[in-house]
Amino acid sequence: MYQVPFNKPYFTGKETTYIQDAVASGKISGNGKYTKKCQNFFEKKYGIKKALMTTSCTDALEMAAILINIKPGDEVIMPSYTFVSTANAFIMRGAKIIFIDSKVEHPGIDESKIEAVITPKAKAIVPVHYAGVACNMDAILKIANKYNLFIIEDCAQAVESYYTGIDGKKKSLGTIGHIATFSFHETKNIISGEGGLLAINDERFIERAEIIWEKGTNRSAFFRGEVNKYSWIDIGSSFLPSEIIAAFLWAQLENISDIQERRKEIWNNYNDKLKSWTYRNQVGFPFIPSYASNNAHMFYLIFQNTDKRNNFIQSMKSLGILCVFHYISLHSSEFFKFKHDGRELKNSDLYSKNLVRLPFFYELNENKIISTIINEITL
Ligand SMILES: *Cc1c(COP(=O)(O)O)cnc(C)c1O
């Protein structure tokens, strides 16, 4: 029997070369040559005003929460169907999280449900571009402008993905909100094991972001010769990754076109070849709104009920193929269920119960998985 994992990190082959180079340079702490190369890549390619590498997207979210000065009692609005870090970063600063339902047609935040929950304590909206598929940013921007809220885009899954606005302009995800956060965890498209990036689009945040990033000191300004000594001037933490991580990431970024091309091929194969099987079995398919692009981060199926979903996962497992589900809606999690205000978030719960992700990685033999599903799985 063959075994197919859910994820397998892809290495371009250059990672160890660049790590050796970083080691040989004698500087392996953060903010060196490779960190700058990676940050520069994001600024030039996507038009981010200032990019700062972090050790994870979780860290970048924590930096964002500090930057917008979240205080106890401030309200932060986000989808319930997301990873815990999206919420934790703001909870850690005392925020109250207001969870919003997903859309019927895809798991992203239902923008039409946001305005009704806004109170004078609202401080920020955190759209999560689930599966790299853009949220309806024009609608979200309109609400944010009306109520003077910050937008923090959770782009953990959204590298190399775009949003086309009602003005017809195509923008990179991560350049629309005030701040955005990316992940290079080994399950994402571009990886460094653990890793992340803070993207700043509102210039007001740049100077302070560097300080928070450098443990609350003005060390970056000192190294640029802008101040003659460096000292403790704000709160901060250890958010910088080492040059070893940045060197690894650089090998991935150099090959981003190749990686994305292969991922899109897998996605299109799944999409084209499973269509009639899903139709026969009344299984739902990913939906990409016309304003969103597809960065081939994941491929998911939506079953009619949890039994069918779980049977599918079990049958696939017995055939050696690992498929996984996620997320338990955050509003109904152990940690949050007694804090939630009781609003029913039906679509979020449906995705929790009925969604499954198919294996997705560069070296995958997706045709084998497709034929297994078509020939072996009956619901
Ligand atoms: C992966 C992920 C994160 C966390 O990323 P890390 O780099 O592992 O901290 C946050 N939000 C979403 C939506 C994610 O998918």
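Is Phe223 buried or exposed? Select Phe223 to start. At 57% relative accessibility, Phe223 counts as exposed, because the cut-off for that label is over 50%. Keep in mind that this is a predicted model.

**Stop 1: the Phe222 rings**

Phe222 and Phe223 make an aromatic pair. Phe222 itself is partly exposed, with 29% relative accessibility.

Now select Tyr230. Its ring pairs with that of Phe222, the centres being 5.6 Å apart. The planes stand at 50 degrees, so this pair is tilted. Tyr230 has 38% relative accessibility and counts as partly exposed.

**Stop 2**

Zoom out. The structure holds 26 aromatic pairs.

**Stop 3: charges over rings**

Which ring does Lys170 lie over? Show Lys170 with Tyr162. Lys170 lies over the face of Tyr162, 4.7 Å from the ring centre.

Last, go to Arg309 and Phe325. Turn the view until you look down on the Phe325 ring. The charged end of Arg309 sits over that ring, at 4.1 Å from its centre.

Note on methods. Residues are numbered from 1 along each chain as its sequence is written. This is a predicted model: local features need pLDDT of at least 70, side-chain atom pairs count only at pLDDT 80 or more; totals for chains, interfaces and linings use all residues. Side-chain values use heavy atoms; hydrogens and water are left out. Rings of Phe, Tyr and Trp (its six-membered ring) pair if their centres lie within 6.5 Å; planes under 30 degrees apart count as stacked, over 60 as edge-to-face and the rest as tilted. Buried means under 20% relative accessible area, exposed over 50%, partly exposed in between (1.4 Å probe, protein chains only). A charge sits over a ring if NZ of Lys or CZ of Arg is within 6 Å of the ring centre and within 35 degrees of the ring normal.
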